[in-house]
Amino acid sequence: PPITPQERTEFIPLSFAQQRLWFLDQLIPDTALYNTPIALRLKGLFNIMALENALNILVDRHESLRTTFPPMDGEAHQVILDNFKINLEEHSQNLTSLDKEEITSLVEKLAQEEATEPFNLSTGPLLRVKLLKLNQEEHVLLITMHHIISDAWSMGIFFKELSALYNAFAE
């Protein structure tokens with residue numbers, strides 16, 4: 001049977017791990033300590049629309065990727081955004097005009113900037129994606145999530161589904 005969204009009539013409490021991360025964010029705001037950055041080198045012919053579609057299916061499918069944590073009466077609550085879409089055109093950078101050394105240096109700089117940019121747990125989104133085009137058949141995909149919405153186990157699921165969805169859309 002199809003997976004249907006669950007009806008939410010009351011606020012959604014945080015798990016113990018989420019409470020801890022939210023508290024730490026209140027204690028030390030504007031930090032990237034709990035960012036989970038990933039850089040993927042993509043080689044071969046690449047279909048940007050297939051990737052964008054795959055990412056958006058994942059965001060639609062997994063509420064945690066659309067969740068924010070605004071405070072209400074001094075406590076955090078989970079709020080699931082209805083309409084969060086990833087637009088890779090807005091978040092891509094073409095580096096093809098640079099020489100190889102400049103590309104390497106800029107990719108490292110952009111990956112570091114992305115990894116160290118703090119998230120706002122109250123407003124989100126808590127998932128960022130940036131695509132860097134190095135040449136016609138080589139790209140770097142930067143994905144950063146806050147640890148409050150992902151962990152090592154869920155990242156495995158994320159990438160397994162992303163791969164399957166990308167391949168399906170590319171075909």
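Where does asparagine 83 lie? Asparagine 83 sits in the loop between β5 and β6, and this is one of the spots visited in the close-ups below, all taken from a predicted model.

View 1. With a relative accessible area of 67%, asparagine 83 is exposed. Going from asparagine 83 to leucine 141 takes you 58 residues along the chain, and the C-alpha atoms of the two are separated by 23 Å. The loop between β5 (79-80) and β6 (92-94) also holds lysine 85, which turns up again in the next view.

**View 2. A salt bridge between lysine 85 and aspartate 60.** Here the side chains of lysine 85 and aspartate 60 come together as a salt bridge, 3.0 Å from N to O. Lysine 85 is in the β5-β6 loop and aspartate 60 is in helix α2, so to speak a link between distant parts of the chain, 25 residues apart. How accessible are the two ends? Lysine 85 is partly exposed at 46% relative accessible area, and aspartate 60 is partly exposed as well, at 37%.

**View 3. Strand β1 linked to strand β8 by arginine 41 and glutamate 138.** A search of the whole structure turns up 5 salt bridges, and this view shows one of them. The closest N and O atoms of arginine 41 and glutamate 138 are 2.4 Å apart. Arginine 41 belongs to strand β1 and glutamate 138 to strand β8 (residues 138-146), which puts the partners 97 residues apart. Glutamate 138 has a relative accessible area of 16% and counts as buried, given that the cut-off is under 20%.

View 4. Arginine 128 forms a salt bridge with glutamate 114, with 2.6 Å between the closest N and O atoms. Arginine 128 is in strand β7 (residues 127-135) and glutamate 114 is in helix α3 (residues 100-116), so this pair ties together parts that are 14 residues apart in sequence. Arginine 128 and glutamate 114 are both buried. The charged end of arginine 128 also sits over the ring of phenylalanine 119, 4.0 Å from the ring's centre.

**View 5. Phenylalanine 46 stacked with tyrosine 166.** The model has 2 aromatic pairs. In this one, the ring centres of phenylalanine 46 and tyrosine 166 are 6.0 Å apart and the planes make an angle of 15 degrees, so the pair counts as stacked. Phenylalanine 46 is in the loop between β1 (35-43) and α2 (48-61), while tyrosine 166 is in helix α4 (residues 152-170), so the contact ties together parts 120 residues apart in sequence. Phenylalanine 46 is partly exposed at 23% relative accessibility, whereas tyrosine 166 is buried at 17%.

**View 6. Phenylalanine 158 edge-to-face with phenylalanine 159.** This aromatic pair has its ring centres 5.1 Å apart, with 85 degrees between the planes. Why is the pair called edge-to-face? Its planes are 85 degrees apart, and that label applies because the angle is over 60.

View 7. Phe23, Leu27, Ile28 and Leu33 make up a nonpolar surface patch of about 440 Å². One of these residues, phenylalanine 23, is found in helix α1 (residues 16-27).

Methods:
Residues are numbered from 1 along each chain as its sequence is written. This is a predicted model: local features need pLDDT of at least 70, side-chain atom pairs count only at pLDDT 80 or more; totals for chains, interfaces and linings use all residues. Side-chain values use heavy atoms; hydrogens and water are left out. Rings of Phe, Tyr and Trp (its six-membered ring) pair if their centres lie within 6.5 Å; planes under 30 degrees apart count as stacked, over 60 as edge-to-face and the rest as tilted. Helices (H or I, at least four residues) and strands (E, at least two) are DSSP runs, numbered from the N terminus. Buried means under 20% relative accessible area, exposed over 50%, partly exposed in between (1.4 Å probe, protein chains only). A charge sits over a ring if NZ of Lys or CZ of Arg is within 6 Å of the ring centre and within 35 degrees of the ring normal. A salt bridge is a side-chain nitrogen of Lys or Arg within 4 Å of a carboxyl oxygen of Asp or Glu. Patches are made of residues with over 30% relative accessible area and no salt bridge: like charges are joined within 9 Å, nonpolar side chains (Val, Leu, Ile, Met, Phe, Trp, Tyr) within 5 Å. Accessible areas come from the Shrake-Rupley method with a 1.4 Å probe; for residues, only the protein chains shown count as cover.
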